Structures are given as structure tokens and as C-alpha cells.
Amino acid sequence: MPRLKFQTLTEQMFYVLLCLKTECCGMDILDRVPAMTQGRVSVGSGTLYNLLEQFLDAGMIRETKVEGRRRSYVLTEAGVKRLAEEYRRIAAQGEDYRRVFGEEEQK
Amino acid sequence: MRDVKRELFLFSMYDRTGLQKHFEKLAAEGWMLEDIGNYFIRYRRSEPRRIHFCVSYYYKASAFDPYPTEEEQEFRDLCAHTGWEVAASNGKLLVFYNEREDPTPIDTDPAMEVDAIHKTMMRSTIPAYAVSLLTTLLGLWLSVGQLVNDPIGFLSRPSGLFSLLCWSFLILLLGVELGGYFLWRRRAVKAAEQGVFYPTPNHFPLQAVGLSVFAIALVGYLTDVLLQSNPLMKLITFVMLGWTVLLLLGVNGTRVLLKRKGVSRSVNRTATLAVDVALAFGLLAVIVFFTIRAAGSGLLNDSIYLSGDPPLSVADLADVDMDVYRTWTTGDETVLLGQYEIHQHVDWNRDDPDLSLPSLEYTLTEVKLPFLYDWCRDRLYHEDDKRGEEFGYRYEVIDPAPWGAAEAWERVYDDGGRTNRFLLCYDSRIVVIDFGSKWIPTPEQRAIVGEKLGK
């Protein structure tokens, strides 16, 4: 089931969805992810192709326009919600980290 | 200096690690990948280059597609954006190359790559291999059945030995391919959970050995057929062989031709299947036609498998006119064993045949490898012994000297009556000779048998 797949997003999934806050096509995503992460994260073209297909199936993104062979997508409400949930999960992890190491630094 | 090089496609479909390394190595040697077919890979001479290759699996594609579908082209465009250009493709298998120093790989998520490979394998290779394995197991089962029922006859027939060897190796190859794939997948899925790409196993050496064994067995089989079998067997064997080649070329040729003509996937698939079925049934029809013709012309009845006259004939033992006799000689031999059956009876088809004339039947078992001798002798002994339990007879040791043999047995009824059947052991030949009910061999006739058949 596609939805079960996305209970926890991988780093690549997270950034692909993040790129799609505004409408863009696959090639834009391939360029934006490394730019957004200062080269720390790259998404392969095969992986992106499959991810876009799975996000579409899961209703997390929708197709906005087709220009020749270039398809553009944007996040749906479900996608925005899922991305927000993921952000909260990562933020909670950050909080937990700060609490543990913050206490140690105070000692 | 040749500009094109071809090699057999001896990689597993899912062996992306092996394929990538192989293409990179050849590109560095100055051979650039140009085309991947079902059986061969073609390269063209180029400047030696250190470039990257990536094997990708596009499971929605089909080997019957005339050109990449719109969706596949979108995938190729995405790959081209990161420098990956298509070097060659064959249906679901796409091979890309990239001249950049450190390109972003096409697959950066191992779980997704394993998933794409699995979808590809389940849609093409696995069903084909599973059907082949079932067919091969059926073939092996039939061959082993024949081997158990008549081991000497089976091992004496080139086709028997050839089929046993081929079925066994095919099962090994298909087993390794199927088992190897599922084992790899299990490990690859686990590794992918940790974000690791698990390398694919390389079965190239096994495939190369399997193919070599098949080629050697085929050459041996054809040589045997050419040297020893009767004309009808030669004809059937070469018609079957030629037709198989025609079938492979015809089916593949139809598919490739229709692809080039731009015919749609569904039409191409239907036409190729139709050619396949037509050629397969055509082969069956040709074999049936030739067999009926051969039977009609009496070729099957009078088949002479053994060249020349039989080594022993009724005329060697008695003063008879061989014109009233008919001889049936059948048999074959391989590098292991040979077995020939010779029957000489009065020709019943003649007007007023004299049924009081003696008959002669004997089987010669030629043992080519000494270690098989005792096994063959025991087998021939026990074959009669088993029947004897039902019909009330058994073998009894007799003096081998009159026959010029090393060992000899005579089959006698439980009540002491003779059956006129003898088992005689010579150096590398075992003879089972049956004189029927019309005569009892005299000491002189026994000596002639030893002289003619002993060697």
C-alpha cells in the first residue's frame, strides 16, 4: 500500500516534496535538491521518476501541466500535511537531541 | 582491423553490477557498447575511454515496442538531464553511459532499485525461467524413466545421453538463476533497509561452462548420428536441428522486423506468437510426414542401423538359403556403450514360407569403458532373471570353453527344460543369443558363434 510506504519519509522523499511546494518539473527537482542542500543530497533520475509516480498514486502531488514531454507537479493538501508531519517528527528529534546534549553541557 | 565485436549475452538479467563493470572495462579497452540483443551484445571500436555505465530497469517497457513510449522517453530525458545517455536497450533493460567525472547515479535509493528490478524480473524473466524449469524437469523425468527401464539401451543411444546431459545442465542453470535471484533479492531488501546497494552475483562462469557443455554434447551427438544411425534418423535429426535454428531466427527476426517497421506492441506480439506457433506445428507436421513416408516405403521395417552384414548369420551355422530370410538390425552406440539387436527369421511375407527353418536372434552389448562391464553383465543377467520369476526359468552356469567365452550361462526352465538362450561374456562384448525352438546349437556351431562374435 503506497500510503504505508510514506509513514516515514526518506531524506530524498522529503526534499522532493519540499521542492514541490511550488510547481516544478522533474528536471527542476533534480537541480533544486542539491542546490537546496548545498550538495549534501542528490536524487538520481531513476529514483525521482519512481518517486513522482508513487507520490501521484498516493495523492500527495498532482500534475499541473504537460509541455511536450515535460510534466509539472505541485503538492496537494495531503502532500502538504504529510510534509508537515514529517517536519514535526524531525523537529521533535532535534528537540530530543538538544534536551539530552543541552543538559550534559550545563553540567 | 575489425570495428565491430560481438559476444554472447551470458549475464543474468538482474546482474547490474556485472554488466556495468563489464561495459566499463570494454569501453576502457576501446569497445563501446552499441546494441544488446537476446543472445548477443555488440560493441563498436572507439577511443578508449574511462566512462561510467549504469544498468537501469524500466519495467513498463516491452521488447515488442517499436520505439520508446512517451513515458519511457520522459524517463530517458530525466536521465539525460544528469548526463546519462542511452547506450543500448533491450525491452526492460536500459544501459546508460555518462562521461562526467562523478555523476549522480540514476538510482540513489536502493529500495526503489530493488523494487524496479523485481517488477522487471516478475514481468519477464521469472515466468519464462519457471516455465522452462518445469519443461526441463518433465524432460529429465522422462529421460530418467527411460534410463531406469532400459539403462543399457538408453546409454547406447546418442540422443539419450545428449538429452540427459542437456536436461541436467539446464536444470542446474535455471535453478541457479532462479534460486540466485531470490536469494539476492532477500539480501538486497535487507541491505536496502540500511540504505545499502547490495551487489548482484555473477553467474557468467557457470553460464559459460553450461553453454560449452551443451556445445560439446551437441557436437558429440551429431557426430554419433552422422557416423552410426540410419538414414531416417539422420534426416529427422537434421530436419529438427535446422528447424530449431529456423524457429529461433524466424521468431526473433519477425519481432525485430516488425519493430523496425514501427508496428505497435500488441500487433508485433500477436504476429510473433503466430509465427512461433506456425513454425512449431510445421516442425511437427514435417516429422510426421517424413515418418509416414518412411513407414510407407518400408524404410522403418528394414532399417539398417548397423552398417554392413551382421557379424553372425543363420547361414554361418546352417546350410540355408538366405534369400528366404529377412534380417532386422537395430541399435546405436555412444562413447560409453553400444547395443545392437539382430533378428533373422523366415520372411513371412513370402508365398508359402517354410516355418520349420531355424531362426536366430542376438543382442550385442559393446562396453567401451571397462568399469561398466560388470554392471552391464549383471543387468543383462537380471533382466532375464526377473522375467524368469514370472515365466519359470533362470540362468545356469555352463562351460564357457565351447563358446570361446570367458563366462557363459544358459537359460533353463525350472523343470530342467532348455530355452536355447545363452548369455556369453567376451572381452568387451556381452552377447545374449537365442536360437529359438527349431534347433539346439552343436559344439561346432558354438565354436562358430565364439569365432564370429567373440573379440
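Predicted model: local features only at pLDDT ≥ 70, side-chain atom pairs only at ≥ 80, totals over all residues.

Trainee: What about phi of Gln38(A)?

Mentor: That's near 50 degrees, again positive in a residue other than glycine. Most residues other than glycine have a negative phi. Gln38(A) sits in the loop between α3 and α4 of chain A, and it counts as exposed because it has 7 C-beta neighbours inside 10 Å.

Trainee: Stay on those helices. At what angle do α3 and α4 of chain A pack?

Mentor: Helix α3(A), residues 26-36, and helix α4(A), residues 45-57, pack at about 120 degrees with their axes 11 Å apart. The axes are lines fitted to C-alpha atoms, for helices over the stretch in contact, and angles run from 0 to 180 degrees between N-to-C directions. That angle is why α3(A) and α4(A) are oblique to each other (under 35 degrees is roughly parallel, over 145 roughly antiparallel, 65 to 115 roughly perpendicular and the rest oblique).

Trainee: Which residues make the contact?

Mentor: From α3(A), Gly26(A), Ile29(A) and Leu30(A); from α4(A), Ser45(A), Leu48(A) and Leu52(A). Contact here means C-beta atoms, placed from the backbone, within 7 Å. By class, the contact of α3(A) with α4(A) has four nonpolar, two polar and no charged residues (Ala, Val, Leu, Ile, Met, Phe, Trp, Tyr, Cys and Pro count as nonpolar, Asp, Glu, Lys and Arg as charged, and the others, Gly among them, as polar).

Trainee: And how do α2(A) and α3(A) pack?

Mentor: Helix α2(A), residues 11-19, packs with α3(A) at about 110 degrees, axes 10 Å apart. That makes α2(A) roughly perpendicular to α3(A). Tyr15(A), Val16(A) and Cys19(A) of α2(A) meet Ile29(A), Arg32(A), Val33(A) and Met36(A) of α3(A). By class, the contact of α2(A) with α3(A) has six nonpolar, no polar and one charged residues.

Trainee: New topic: how many residues does the contact take from chain A and from chain B?

Mentor: 16 from chain A and 19 from chain B. On the side of chain A that touches chain B, the elements giving two or more residues are α3 and α4, and α4(A) has the largest share, six residues. By class, that side of chain A has five nonpolar, nine polar and two charged residues.

Trainee: Now sheets. In what order do the three strands run in chain A?

Mentor: β1-β3-β2, an open sheet with antiparallel pairing. β1 (24-25) and β2 (61-67) of chain A stand at the edges, each with a single partner strand, so one side of each is left without a neighbour in the sheet. Strands β2(A) and β3(A), residues 70-75, pair over six bridges, and Glu67(A) stands opposite Arg70(A) in β3(A). Two strands pair if DSSP finds at least two bridges between them.

Trainee: What is the order of the open sheet in chain B with β4, β5 and β6?

Mentor: β4-β6-β5, again antiparallel. The twist averages 25 degrees from one strand to the next. Helix α1(B) packs on the sheet, touching β4 and β6 of chain B, and its direction makes about 150 degrees with that of β4(B).

Trainee: Which residues does Glu24(B) touch?

Mentor: His52(B) and Phe53(B), not counting residues up to four places away in sequence. Glu24(B) is found in helix α1(B), residues 16-28, and with 18 C-beta neighbours inside 10 Å it counts as partly exposed.

Methods: Residues numbered from 1 in each chain as written. Chains lettered and ligands numbered in written order. Helix = DSSP H or I, 4+ residues; strand = E, 2+ residues; numbered from the N terminus. Contact = placed C-beta atoms within 7 Å. Buried ≥ 20, exposed ≤ 12 C-beta atoms within 10 Å, placed from the backbone.
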